[in-house]
Amino acid sequence: MTRKASSFPEWLILAGSCLFIFVLWLSAYLEPDIRWLHFFQAWMYLAATGLALRHSRWGYFIGLSAAGLWDYINLFVTSFLRSGLHWVSAWISTGQLERVDQVVAVPGWIGNLLVVIGSIWAYARLPEKRWSDLGRLAFAFIPTTGFFAAAMALCQPRYLPLFRAMLHPHRPW
């Protein structure tokens with residue numbers, strides 16, 4: 001279905017993707033060794049946003065897959081979000097911003113949450129939903145996650161254990 005104007009859910013996807021891409025850029029600026037990984041990672045969000053703005057369910061599926069995976073990893077696999085929240089709290093308490101490399105996890109997580117919410121909401125508003133869309137979502141998740149894994153393998157193989165850890169989630173709080 002093609003409509004001329006984008007609705008609020010698509011704007012959530014756009015805003016969340018832009019916020020996260022900015023966080024990727026800032027992280028890459030702060031840690032030059034992750035620049036290529038973040039360059040490739042940003043492309044998933046550009047694809048999701050471009051398709052979502054065209055009201056394509058594939059954009060919603062890619063957005064939900066990429067952003068949902070990132071938020072899941074940071075809730076149940078790593079301590080990155082917890083550390084970011086700690087340093088945001090310290091910043092509020094002391095008025096001194098320290099460990100920006102950790103603080104960026106918070107807006108990164110929020111940006112991804114906006115993409116997830118926007119993707120689910122936009123899909124829910126589609127006039128035609130089919131049970132086969134569950135298969136399409138799974139299909140989108142596999143290459144999206146595979147692209148992310150390939151970018152990690154190519155640019156930062158030290159992060160690959162995250163994929164094994166995803167199968168054994170815990171709450172790193």
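Q: How many cavities of 30 Å³ or more does the count come to?
A: The model is a predicted one. A cavity here is a set of points where a 1.4 Å probe fits but cannot get out. The largest cavity has a volume of about 30 Å³. By this rule the count of cavities of 30 Å³ or more is 1.

Q: Which elements give two or more residues to the lining of the largest cavity?
A: The lining of this cavity consists of Gln41, Met44, Tyr45, Ala66, Leu69, Trp70 and Phe148. Helix α2 spans 35–53 and helix α3 spans 57–76. The elements that give two or more residues to the lining are α2 and α3.

Q: How many nonpolar, polar and charged residues does the lining of the largest cavity have?
A: Met44, Tyr45, Ala66, Leu69, Trp70 and Phe148 are among the lining residues, and their residue types count as nonpolar. Gln41 also lines the cavity, and Gln counts as polar. By class, the lining has 6 nonpolar, 1 polar and no charged residues.

Q: Which residues that line the largest pocket are the closest to its centre?
A: The largest pocket has a volume of about 460 Å³. Its lining is made up of 22 residues. The closest to the centre are His38, Trp70, Asn74, Phe80 and Tyr159.

Q: Which element supplies the largest share of the lining of the largest pocket?
A: At least two lining residues come from each of α1, α2, α3, α5 (100–103) and α7 (132–155). By class, the pocket lining has 14 nonpolar, 6 polar and 2 charged residues. The largest share is 4 residues, and it comes from α1.

Q: How many residues apart are Arg158 and Asp33?
A: A search of the whole structure finds 6 salt bridges. One of them joins the side chains of Arg158 and Asp33 at 2.8 Å, N to O. Arg158 is in the loop between α7 and α8 (161–166), and Asp33 is in the loop between α1 and α2. The pair links distant parts of the chain, with a separation of 125 residues.

Q: How many helices and strands does the protein have?
A: From the N terminus on, the elements run α-α-α-α-α-α-α-α. The totals are 8 helices and 0 strands.

Q: Why is the protein as compact as a globular protein of its length, and what is its radius of gyration?
A: The C-alpha atoms fill a box of roughly 50 × 35 × 30 Å along the principal axes. For 173 residues, the globule rule gives 16 Å. The protein's own value is close to that, so it is as compact as a globular protein of that length. The radius of gyration is 16 Å.

How values were computed:
Residues numbered from 1 in each chain as written. Predicted model: local features only at pLDDT ≥ 70, side-chain atom pairs only at ≥ 80, totals over all residues. Heavy atoms only, no water. 1 Å grid on protein atoms, 1.4 Å probe; cavity = no way out; pocket = protein on both sides within 12 Å on 5 of 7 lines; lining within 4 Å. Points joined across faces, edges and corners; volume = space filled by probe spheres on them. Rg over C-alpha atoms; globule rule 2.2 N^0.38 Å. Salt bridge = Lys/Arg side-chain N within 4 Å of Asp/Glu carboxyl O.
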